[in-house]
Amino acid sequence: MIEFSHVYKTYPGPVHALKNIDLKIAKGEFVFLTGPSGAGKTSLFKMISAFDVATSGLVQVAGIDLSRLNENKVAEYRRKIGVVFQDFRLLKDRTIFENIALPLQIRGDRSQQIQRRVQEVLEQVGLSHKYDQFPDFVSGGEQQRTAIARAIVHQPGVLIADEPTGNLDPKLSEEIMDLLERVCSQGTTVFVATHDQEMVRRRKKRRVDLKDGLLVGDQ
Ligand SMILES: Nc1ncnc2c1ncn2[C@@H]1O[C@H](COP(=O)(O)OP(=O)(O)OP(=O)(O)O)[C@@H](O)[C@H]1O
Ligand SMILES: [Mg+2]
């Protein structure tokens with residue numbers, strides 16, 4: 001489903017954020033991405049979400065070479081995947097409900113369908129009571145759960161989540177990880193970056209480790 005071969009990403013500086021990354025993730029797999037701050041986790045996710053292109057090497061998702069997509073195709077591709085950004089990126093002028101509904105509206109679902117599906121996801125992330133609030137007026141953890149809900153509402157084939165539990169207390173973190181595992185068991189390939197070593201150990205899933213832009217572990 002996700003395949004990197006000999007991928008390098010160099011930012012001006014130069015900063016070598018990713019170095020010779022080889023990685024294969026199968027359809028329906030659940031994988032953690034760990035590594036210290038600055039190791040390259042977000043950079044690697046930006047390659048998968050086509051928010052940036054590799055300096056060299058090949059990144060393929062579902063058989064698509066992401067470096068070959070034109071602007072329209074990139075937009076179409078992004079609409080099909082699910083992304084939880086490290087900084088949430090919610091729309092401030094829309095309610096929590098409207099933020100979560102967005103991927104469904106864009107693909108043209110009927111409003112009744114949207115209503116039903118958004119309510120379902122709001123329940124899953126425990127935010128039903130906040131549906132009409134604006135992001136700036138809810139807590140960091142609630143914003144984070146809104147971002148997660150928006151990323152899963154359209155049942156994407158691939159979900160990448162950058163520190164999805166960074167702002168949540170331990171109990172909520174566990175609930176959200178359970179939810180991501182359920183999303184995975186319904187067929188979505190899930191790739192989660194986290195600093196939470198304890199949780200990674202407990203969950204007993206595949207874990208890919210980055211350090212200084214190098215893939216240093218895969219177990
Ligand atoms: N747009 C950019 N321009 C220049 N350097 C960048 C850019 N984005 C990231 N970097 C650098 O690339 C390296 C990897 O950054 P990245 O954001 O991928 O790390 P990370 O593992 O996600 O860290 P964190 O755990 O703090 O989120 C860092 O040295 C960072 O400063
Ligand atoms: Mg990061």
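A crossing of two helices is called right-handed if the near helix is turned clockwise from the far one by less than a right angle. In the predicted model described here, this term applies to the crossing of helices α3 and α5, which is right-handed. The axes of α3, spanning residues 96–106, and of α5, spanning residues 140–152, come within 7 Å of each other and cross at roughly 25°. Because angles under 35 degrees count as roughly parallel, α3 is described as roughly parallel to α5. On the side of α3 the contact is made by Ile 96, Asn 99, Ile 100, Leu 102 and Pro 103, while α5 contributes Thr 146, Ala 149 and Arg 150. Sorted by class, this contact of α3 with α5 comprises five nonpolar residues, two polar residues and one charged residue.

The protein as a whole contains seven helices and ten strands. Its radius of gyration is 17 Å, close to the 17 Å that the globule rule gives for 219 residues, and the protein is therefore as compact as a globular protein of that length. Taken along the principal axes, the box filled by the C-alpha atoms of the protein is roughly 45 × 40 × 35 Å.

Ligand 1 is surrounded by 13 residues, of which the closest are Tyr 11, Ser 37, Lys 41, Thr 42 and Ser 43. The elements that give two or more residues to this shell are strand β2, covering residues 15–25, and helix α1, covering residues 41–48, and α1 gives the most, with three residues. By class, the shell around ligand 1 divides into four nonpolar residues, eight polar residues and one charged residue.

Conventions:
Residues are numbered from 1 along each chain as its sequence is written. Chains are lettered from A and ligands numbered from 1 in the order in which they are written. This is a predicted model: local features need pLDDT of at least 70, side-chain atom pairs count only at pLDDT 80 or more; totals for chains, interfaces and linings use all residues. Axes are lines fitted to C-alpha atoms, for helices over the stretch in contact, and angles run from 0 to 180 degrees between N-to-C directions. Helices (H or I, at least four residues) and strands (E, at least two) are DSSP runs, numbered from the N terminus. Angles under 35 degrees count as roughly parallel, over 145 as roughly antiparallel, 65 to 115 as roughly perpendicular and the rest as oblique. Two residues are in contact if their C-beta atoms, placed from the backbone, lie within 7 Å. Ala, Val, Leu, Ile, Met, Phe, Trp, Tyr, Cys and Pro count as nonpolar, Asp, Glu, Lys and Arg as charged, and the others, Gly among them, as polar. A residue is near a molecule or strand if its C-beta atom, placed from the backbone, lies within 6 Å of it. The radius of gyration is taken over C-alpha atoms; the globule rule is 2.2 Å times the number of residues to the power 0.38.
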